[in-house]
Amino acid sequence: QEASDDVLYSELKKALASASNIVAAQAAHIVKAKGLRRLASELSDAFSRFMEKPAQRDSGCIAKLAIVEALRALEAEADRVFLAGVRHVQMEPTWGLPEDTAGALRGACGQALAQSNYPDALFELANLLADPEPPARRAAIQAVAFVGGTESELLLRMKALSGDPEPDVIGDCLTALMRLEPARSLEFVAARMDSEEPAIAEAAAIALGESHREDAFDVLRERWESCVDAESRRMLLLPLALMRSEESMAFLLQIIREANKHLAAGAISVLGACYLDELKKDILDAIRERNEREIKEAF
């Protein structure tokens with residue numbers, strides 16, 4: 001076994017030194033999967049090599065990203081690598097204008113800095129929250145939430161307030177806030193349900209639903225009761241199902257029994273997507289009470 005491990009180590013070391021970014025990336029994946037910490041130095045060296053003439057040597061950041069992911073999984077001391085990666089921009093030619101291919105790399109390095117407890121991680125992550133590439137911004141939000149604390153909470157609030165071209169980015173902020181500081185964030189996140197952007201309003205409701213908090217359910221129920229249009233109510237069905245509480249399930253069953261047929265069908269759909277088997281008998285009973293063809297078809 002020891003001889004076999006030595007052979008594997010030797011082959012992976014050669015692969016990491018390869019001029020081929022694809023070969024080096026595959027080697028990094030294996031190092032990560034097998035947890036070979038003794039190759040951490042070789043991973044760092046390979047990263048530095050692919051940072052020289054990066055667009056030519058590592059198109060698409062394939063090798064650099066795989067190396068960072070391996071170093072992160074190994075919990076290696078590689079802040080030098082992560083700092084270089086979080087600031088790296090790699091413009092590559094396309095059929096149109098050149099494109100930056102390093103967004104995912106910057107995001108991964110930001111997460112690695114947070115995980116390694118780098119003392120100035122939040123300064124790097126603050127920059128990353130304004131990164132031009134959505135994957136980098138979304139990764140930054142996860143990393144900021146990982147760091148935790150009041151400073152992280154404030155960064156996430158500022159990002160949510162300043163907006164983003166991608167609604168999913170704001171949705172990530174709201175979800176992170178409800179996980180990081182749910183009691184203090186409840187009112188802030190609930191207010192985003194008034195957004196003129198439907199996707200952000202829905203993201204806020206989903207963040208509340210995913211929190212599984214009783215007070216968050218109260219907010220969703222009150223919003224349902226105050227809504228005057230069916231579309232606004234339809235948006236609340238999935239968040240209510242995600243709540244996964246006895247109260248929310250009872251509320252959805254009541255919708256199946258009493259709401260208009262389109263909302264009732266929607267309630268059946270979200271329950272089916274989440275846990276139909278658990279509530280199958282209760283749903284069937286509610287459907288029998290209505291005895292309407294459209295509701296039966298929805299089931």
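Trp224 and Phe251 are both buried, where buried means under 20% relative accessible area, exposed over 50% and partly exposed in between (1.4 Å probe, protein chains only). Phe217 is buried as well. This is a predicted model: local features need pLDDT of at least 70, side-chain atom pairs count only at pLDDT 80 or more, and totals for chains, interfaces and linings use all residues. Residues are numbered from 1 along each chain as its sequence is written, and side-chain values use heavy atoms, with hydrogens and water left out.

**Aromatic cluster**

A pair of aromatic rings is described by the distance of the centres and the angle of the planes. Rings of Phe, Tyr and Trp (its six-membered ring) pair if their centres lie within 6.5 Å; planes under 30 degrees apart count as stacked, over 60 as edge-to-face and the rest as tilted. How many aromatic pairs does this rule give? The count is two. The table lists them.

| Pair | Centre distance | Plane angle | Class |
|---|---|---|---|
| Phe217 and Phe251 | 6.2 Å | 80° | edge-to-face |
| Trp224 and Phe251 | 5.9 Å | 85° | edge-to-face |

Phe217 sits in helix α14 and Phe251 in helix α16 (residues 246-258), so their pair ties together parts 34 residues apart in sequence. Trp224 is also in helix α14, so its pair with Phe251 in helix α16 links parts 27 residues apart in sequence. Helices (H or I, at least four residues) and strands (E, at least two) are DSSP runs, numbered from the N terminus. Together, Phe217, Trp224 and Phe251 make up one aromatic cluster.

**Charges over rings**

A charge sits over a ring if NZ of Lys or CZ of Arg is within 6 Å of the ring centre and within 35 degrees of the ring normal. Arg49 lies over the face of Phe50, 4.9 Å from the ring centre.

**Positive phi in loops**

Most residues other than glycine have a negative phi. Which way does the phi of Glu75 go, positive or negative? Glu75 has a positive phi of about 55°, although it is not a glycine. Glu75 belongs to the loop between α5 (62-73) and α6 (79-86). Its relative accessibility is 60%, so Glu75 counts as exposed.

His212 also has a positive phi, near 60°, and is a residue other than glycine. His212 falls in the loop between α13 (198-211) and α14 (214-226). With a relative accessible area of 46%, His212 is partly exposed.
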